[in-house]
Amino acid sequence: MHANVDGGSIGALLEGRHENPFELLGPHPLKSVNGQALAVRAFLPNSDKAWVVHGEGQDRVQPMRCIHPAGLFEAICPADTNLPLHRHYQLRVEDRRGKIVTTHDPYSFNPWLTDYDLYLFGEGRHWDSYRKMGAHLRTVDGVSGVNFAVWAPNARGVSVVGDFNEWDGRCHPLKKHVPSGVWELFVPGIKVGEKYKFRVTQHGGTIDKSDPYGFSAELPPRTASIVSDLDHYRWEDEAWMQRRTQVPPVQQPMSIYEVHLGSWRRCSVGTHGWHNYRDLAVQLVEYCLEMGYTHVELLPISEHPYTGSWGYQTVGYYSVTSRYGTPQDFMYFVDYCHQHGIGVIVDWVPAHFPRDDHGLRRFDGTALYEHSDPRQGEHPDWGTLIFNYGRNEVRNFLLANALYWFDRYHIDG
């Protein structure tokens, strides 16, 4: 027994322009003479052999046959009514070097984004879109991994690449939600610290893009996004946060110390001379208390490629810059300031962004985040691009970003 597979669908997959790889890959119900069965298909371009592993004790191993020389494999498996196969099978794959890996199939998991998520995003009113877009750690039916989601409505195809798939854009193509233009895929087995980018197939070629909603990134000049966990820092600024809601700021004295963290004090440790956020917290609080300041105002700490810009040419709007440490290190910075009665204000740059290829510029091959008319979309003095504020999704990106810094990092302004 075998399943009929559309040749056009295979061609689109091989060329990186399939909008819904789930139509071809993963489990597909079949009717056989013996009842129900499942056709399990996987695209494994770097492999010679593959098996489906299933059963209550993962004790059934079924060989997959290669149905296309590019590496498309298929196995017809009997469906067990007592144990839904599509939720419990794994793929055992032997690559061309003889290494064998067993993993869950990304194309056996349902999308995470709901129709309501996509509706709000399209309306420009998904104020916590950062909780769904980008890269998020998830556990689905006991299987841990990362859910990836990115907005690229005019892309021909999008895949996620990283060390976990040897930066091979053929391995993990995402599904496009129509008409929102958001692409999504859950990839089992990925953990905190994994580097990744989105490989976007545009008309005329492909380009690797950093995640617009990425929570962390590599130290420049490297540009990959990094899977991060923002949920498990233990905050100890409850007293400050509660007092902040009870006393109007305009009724309190305020004296603000503006500081660029990278040049405030030099450090002898390391090649760049930068202090870590944790060290800076202790030193800045001591200085502010001595001088009578009530707040620190930080020049932008969002990720930026050019250090000389002082952060005012932002690429990673949701990434705290890795120059001075991790997201948890910056959480400690804010937490420590609050515990010692010092408020934290950050400079925010929703006015323009640089032209770096890994960033927002022509993200899906079109003027997506920037305005297409250069008279409105280009800043002649700085050589940067200006956001298209008339687009709902762009306004959503920026407004949610402002709320993100309050929500995830407890900043005060």
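Which residues of strand β18 (residues 295-298) are buried on one side, and which on the other? H295 and E297 lie on one side and V296 and L298 on the other, and all are buried, so that both faces of the strand are covered. Buried means under 20% relative accessible area, exposed over 50% and partly exposed in between, with a 1.4 Å probe and protein chains only.

The model is predicted: local features need pLDDT of at least 70, side-chain atom pairs count only at pLDDT 80 or more, and totals for chains, interfaces and linings use all residues. Residues are numbered from 1 along each chain as its sequence is written, and side-chain values use heavy atoms, with hydrogens and water left out.

**Strand pairing**

Helices (H or I, at least four residues) and strands (E, at least two) are DSSP runs, numbered from the N terminus. Two strands pair if DSSP finds at least two bridges between them.

| Strands | Sense | Bridges | Opposite residues |
|---|---|---|---|
| β17 (residues 256-259) and β18 | parallel | four | V259 and L298 |

Strands β3 and β7 belong to an open sheet of four strands, in the order β4-β3-β7-β8, with antiparallel pairing. At its edges stand β4 (60-63) and β8 (100-104); each has a single partner strand, so one side of each is left without a neighbour in the sheet.

**Helix α6**

Helix α6 (residues 277-291) has 15 residues and reaches 20 Å from its first C-alpha to its last, close to the 21 Å expected at 1.5 Å a residue. The expected span is 1.5 Å times one less than the number of residues. At the N-terminal end, N276 caps the helix, with a side-chain oxygen 2.8 Å from the backbone nitrogen of R278. After α6 comes G292, whose phi is positive, near 85 degrees.

The buried residues of α6 are Y277, L280, A281, Q283, L284, V285 and C288. An α-helix has 3.6 residues a turn, so residues three or four places apart point the same way. The buried residues of α6 pack against β17, α5 (261-264), β18, β20 and α7.

**Residue T321**

T321 is found in the loop between β20 (316-320) and α7 (327-339). T321 is buried, with a relative accessible area of 0%. Not counting residues up to four places away in sequence, T321 touches Y277, I301, S302, E303 and H304; contact means heavy atoms within 4.5 Å.

Conventions:
A polar contact is a pair of N or O atoms within 3.5 Å; within protein, one must be able to donate a hydrogen and the other to accept it, and residues adjacent in sequence count only if both atoms are side-chain atoms.
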